[in-house]
Structures are given as C-alpha cells and as structure tokens.
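Subject: A structure to look through, with notes

Dear colleague,

My notes on what was found in it follow directly below.

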Amino acid sequence: MPPLCHASVLEAMSGGQRLSTEFLTLVPVLNSVVLFPVPPASLRSSPPQLLSISLYGKISDEYGDGQVVSDEARAMYNGGVAGLTYWSPNVNILRDPRWGRGQETPGEDPVVAGKYAASYVRGLQGNGAGNRLKVAACCKHYTAYDLDNWNGVDRFHFNAKVTKQDLEDTYNVPFKSCVYEGKVASVMCSYNQVNGKPTCADENLLKNTIRGQWRLNGYIVSDCDSVDVFFNQQHYTTTPEEAAAASIKAGLDLDCGPFLAIFTEGAVKKGLLTENDVNLALANTITVQMRLGMFDGNLGPYANLGPRDVCTPAHQHLALEAAHQGMVLLKNSGRSLPLSPRRHRTVAVIGPNSDVTETMIGNYAGKACAYTTPLQGISRYAKTIHQEGCAGVACAGNQGFGAAEAAARQADATVLVMGLDQSIEAETRDRTGLLLPGYQQNLVTRVAQASRGPVILVLMSGGPVDASFATNDPRVAAIIWAGYPGQAGGAAIADIIFGAANPGGKLPMTWYPQEYVTKLPMTIMAMRASGNYPGRTYRFYKGPVVFPFGFGLSYTTFTHSLAQNPLAQLSVSPYKLNTAIFNSSSTSIKVSHTNCGTFPKMPLHVEVSNTGEFDGTHTVFVFAEPPENGIKGLGVNKQLVAFEKVHVKAGSKRTVQVDIEACKHLGVVDEHGMRRIPMGEHKLHIGEIKHTILVQPQL
C-alpha cells in the first residue's frame, strides 16, 4: 500500500472520494426525480415518505419503489450529477411518538421494520450477477438512535441506556435483517452513546456484531462528523489520535467528515493503530466501489440508463399508487366517504396544508418531477372554494377563521387538510407534545360547526397526532391520515375521498393521547412497562390509545376464517442439554440449543372474505401472544410475527397462507438478551380469530 500520508488513502477513509456521496436520501438532490410518499407513510420517487410498510403495500411494492429509485439514481450517475452510495434506508424503531425523524422510518414494530429494510435494500442494490451492486444502500442509524433534540438533550450528547433484552428484541432487529436478508452494502453508526460508549467506537457493536455475527459484506460508516462528536463533545478520548484509533479498531471503515483524514496518520505514528488496521478499513470501502463498477468505465448492465429513465410515466404512476396505499382511513361515520361528484359538486378545501407542495415529500427528498396539491387533486372532482384558515401549520392566529367558516357554509362538503410539516418535526427537532399546533384544533371545530355538508379531516404528518377531539366530534364525519404522501399526494387524497381508490393502509405506529407523553421522558429507552412507567409501543404498552398499531378502515368489510385445521401442538427438544437440565417442568428452551431445522412449519390458511360492496385490499396480521410461564422480565402483550396484504373483490374470498416457525415466530427474548421458546400455550391472533398452539418439551 502507498505511504499512509498519501492523501487519497486518508480521504477515502473520510468520505473524500466519490464512494461516500453526500446524499443521505432515497434519491439525488440534483435535478428532478420521482418522489414517493414519506410517512411513516411513504417512499419517494417522489413517493410518499417511509414510515410504514404495512401502511401502503406488500413488501414487493417496497421492492418496486427501491428499484425505481435506483433506476433514477443510476441514470443520474451516468449523467454525472449523482453518486452511487445512498445512505438509506433509516430503519430505527419509532420508540417515542415525539421523535422528529420518525417520519423517515418504517414505524414502531421491529418485524415490519426488518422486512421493509431487507426488501427496500434489495430493490436499491439490484440483483446483479455475483457481488455486483446497482447502487450501495446503507441502513442507519445503528443503534438505539431515536432522539434528536428534546428538552435540552441532543443526539450529540445522549447516552442511551439500553438493556440487552431491548437491544436484541427491538433496536437491533431491523439492522440484522438489513445485513442478513437484505445483504446491505453499508451500515451507519449513530451519534449517540449506548451504555456509555459511542456507537462508532464500540467494538462489540461494530466488529463483533455487524461484521462478526451478521457477516456484513461491505463497509461501516459514521454519521457525519460522529468521530469528531465523540472526541470534542462527548470527550470520550483524551486526544484526537486516540479517537481515530478507537473508531477504526472498533470496526469503522469510513468517516463522513475530515476527522480520520487529519488524525489517522498520527494515530499510526503513535502506535495506536497499525497499517494493517487501515488496510482492512480501506479494503472494505474500495471493495464496494469495485462492486459498483466504478473502475470499469461506463459499462455494465446499467450503462444505458439516462435522462429518459427519470420521471417516466410509469415511475410517476408508482408514486401515485404508493400514495394510494399509504392513506389510512381512521374514521368514517355513517359511511360518509366516499363523496359523490354528482351530489358533492362544491367542496370547501381549507387548512394550512391544503395547497402545499414540498410539505408532501417530507425531509431528505430530491426535486420532484411535478406536484399535485390536495386543492388541485380535489379540483379534478368538484368545484372548490379555498381558504387556508391560518397561515402555516403553526396556526398562530384565528384571523382567517371567519372566511373559512363562510366557505364551509357555501359548500356541499368540506375537506380540512391540517397537520404538521418540517417546522414542527424534523431532524434536530423533536416535538414536545402530540396535539395539533397553535389554533388548528379550534379551526377544525369551528369549521365543522359551520359546514353545510360532511366534514373530512385530512392529517398530513410523519408522527402520530392526538386527534381524539375529532374522533369524538360527531360533526367530523371522516378522518384520513396521509403521512407525507409524496409528489402525487394531492391526487391520492382526492382519489380516496371520491372513491376512485379504496383505502387499505394500516397505521405503522400507535397513536397515543397527549397524556401519554406527559408521563415519560424521551430519554428513557426501556420498552417494557414497570411500576408507573407505561411502556412503549403496542408490544408493551397497555394504556388508552387514540388509534392502535395496525388500525385502518376500508370502504368495504372483511372477515377471517381458518380454511384448514392448523397444527395445535408442537414438541421441541434440545440438542445440547441433558434431561437433568431440560425436563418436563422446564419453562423454556434457548433457541441456540435447539435444532430449529427439524421443527415442522405450521401453515395457517387464512380465508379472507370481502363482505362489502367495494373491491379492496386487506392486510392480514398474525400476532403471537406468548404464555405466562415465568420467564423473568418478558412483559410482552403480543408481537407481530407475520403479515400479508391481499386484494379481494367484493363478494369474493381469497386464502392467504402464513407459515409459522417455532424458533422464528414463537421465540421471545429474556432479560439476558437470549432468545428462548417458552413452553405452554401460545395464542395466535388473526383479526377476530384466536388459535392456540401448545408447545411442550420432548425429552
């Protein structure tokens, strides 16, 4: 290798070359691209924002969005305006509803996040021959990162105190899926500390886990200036050379920032690092460049992609379809929706988000091909009367309320488009509460009182909102959560309202009442309830909610039944333990001590009947409730183990098969971070159905 002072070597370790293109988004920032929904509800081409997979489609749909994004990325690379490494997706768990970056994630459930992560990464990276990459994806931010700036605590100084149990069954799950199933080319370590150590200097988290246990084939990169942060702000080491050495020895290969370029040579000269340490890091980064074909000239299977492959009609249609699937119908009193263009000829369109463009694409988005605002979308179906009601989502005054009420009195129906934007929730900006900002709630209530026809409330936001005032108001006929629905968001909202599309989205996170966040600081990382601590997410929290995880209505109705009699009993045996340790009174068995491949798969054949008048898409959720058999600190209410989305025509039936595997789906994590299969009755919840599987020891 050349001398260590050679600039290109140190720059490569600090992201100075094209390997680490400074695009942390799904799509390039230069020129126009398709932008998908961003919610938690979307992707971007410009698709909807991300927040949830169950929200808007099957895993294959996410795979499709990833393929579109990488098509456009390669096209722009070929045109010289973009790189080939994309620091996406964000797969952190939405632990706290106030987190400003929750909008980027797949939501609160680790199974959903993991499935989304693997599928989207495969879509981005392509299925090239051998080790080839279409683009290099990056799963971020590893790990237990879900606080940006709350109540005087910021991500640069936060020490996340996390149990082995929560790390194993919650925070690390999507990252493991990224590496194991998705074969991601990169993982990004986060700014925060975990149990007193910066993640980018934690050998156990990086070298031992990501590269050792999970077998990462790629590079580990810091979040931007993370090494500088743990030296200058967290004061983790005494000298900058020690910081450089700590990060590289821990397994960091690439620094987003200049720190390693400046201090790595000094660390070697002081004997804190060896040239071999640097060689290994450099090899991991350059290998990814080779897999991308960056030394092959503009050849290979993607060389023909160019301007004609950006913003194509097919890509823009996918953005619309993603937005359709991302919409969640939360309330529909008296079947007020869908509206009829024949009966609702004039619609008042009101609210600070009623005619927005960039709000719909959330954060970290490129320049959209074109926008359709909610006002424009509704105008395709009816004559519109438009009033903002208040200036911006801060809604600091009520001066525009009178005009908004007057518009509602004149119209056959009223659509209020309210919610949040990046001024309220964003990177570096966590919320302090869950209520709509400013006078928004008052505006909704007053317009609902004045409206001549049905009132539809559309909420545009990344995180959940306490909308209980509207759920309890009989004058608010319907509520739709749109997330940040991408470039075609306004068209999708209108299509849902007027019945051109039937909503089928499901919430990827729990919607809590405002009182919930008054009981717990964002800084407490514990997932499980304890004493007066209420716990987090549907898996561990038992208190009141505004809307539960997985909730979402349709214009039709569905029922479930089991088409065949599923397995009701399973015997498991260890291959490492003797009967003196494992016997008929044992409460559980370690997954690591079982031969999981010998256990039979337990197929569930779920018959989904559409008993309504509309064709519709339905998500079948399978939750597992473990037995209460004395595993200390378990605390699980239930956990999602599988989900499938199926389209069923009105009056028809479709059968969905879900295979339940004991080690994968019936296992739990004990307080030591060990996965175990509890003995006893495991209850599976599929809609209104409950099925019990008795797991017992076989000696």
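Lys-134 is buried, its relative accessible area being 7%, where buried means under 20% relative accessible area, exposed means over 50%, and partly exposed lies in between, all with a 1.4 Å probe and protein chains only. Please keep in mind that this is a predicted model, in which local features need pLDDT of at least 70 and side-chain atom pairs count only at pLDDT 80 or more, while totals for chains, interfaces and linings use all residues. Residues are numbered from 1 along each chain as its sequence is written, and side-chain values use heavy atoms, with hydrogens and water left out.

The side chain of Lys-134 meets that of Asp-71 in a salt bridge, with 2.4 Å from N to O; the term stands for a side-chain nitrogen of Lys or Arg within 4 Å of a carboxyl oxygen of Asp or Glu. This pair links distant parts of the chain, since Asp-71 sits in helix 3 (residues 59-78) and Lys-134 in the loop between helix 4 (110-125) and strand 3 (136-137), 63 residues apart. Helices (H or I, at least four residues) and strands (E, at least two) are DSSP runs, numbered from the N terminus. Asp-71 is partly exposed, at a relative accessible area of 22%.

Which residue forms a salt bridge with Arg-132? The partner is Asp-296, and the closest N and O atoms are 2.9 Å apart. Here too distant parts of the chain are linked, with Asp-296 in the loop between helix 11 (275-291) and helix 12 (313-326), and Arg-132 in the loop between helix 4 and strand 3, 164 residues apart. Asp-296 counts as partly exposed at 33% relative accessibility, and Arg-132 is partly exposed at 42%.

Another salt bridge joins the side chains of Lys-270 and Glu-241, at 3.4 Å from N to O. In this pair Lys-270 is exposed, with a relative accessible area of 54%, whereas Glu-241 counts as buried at 14%. Salt bridges that share partners also join Arg-101, Glu-104, Asp-148, Arg-155 and Glu-427 into one network, and the count for the structure comes to 24 salt bridges.

Finally, please look at strand 12 (residues 328-332), which is mostly covered, as 5 of its 5 residues are buried. Strand 12 pairs with strand 18 (residues 476-481) in the antiparallel sense over 4 bridges, where pairing requires that DSSP finds at least two bridges between two strands. Within this pairing, Lys-331 has Ile-479 in strand 18 as its bridge partner.

With best wishes
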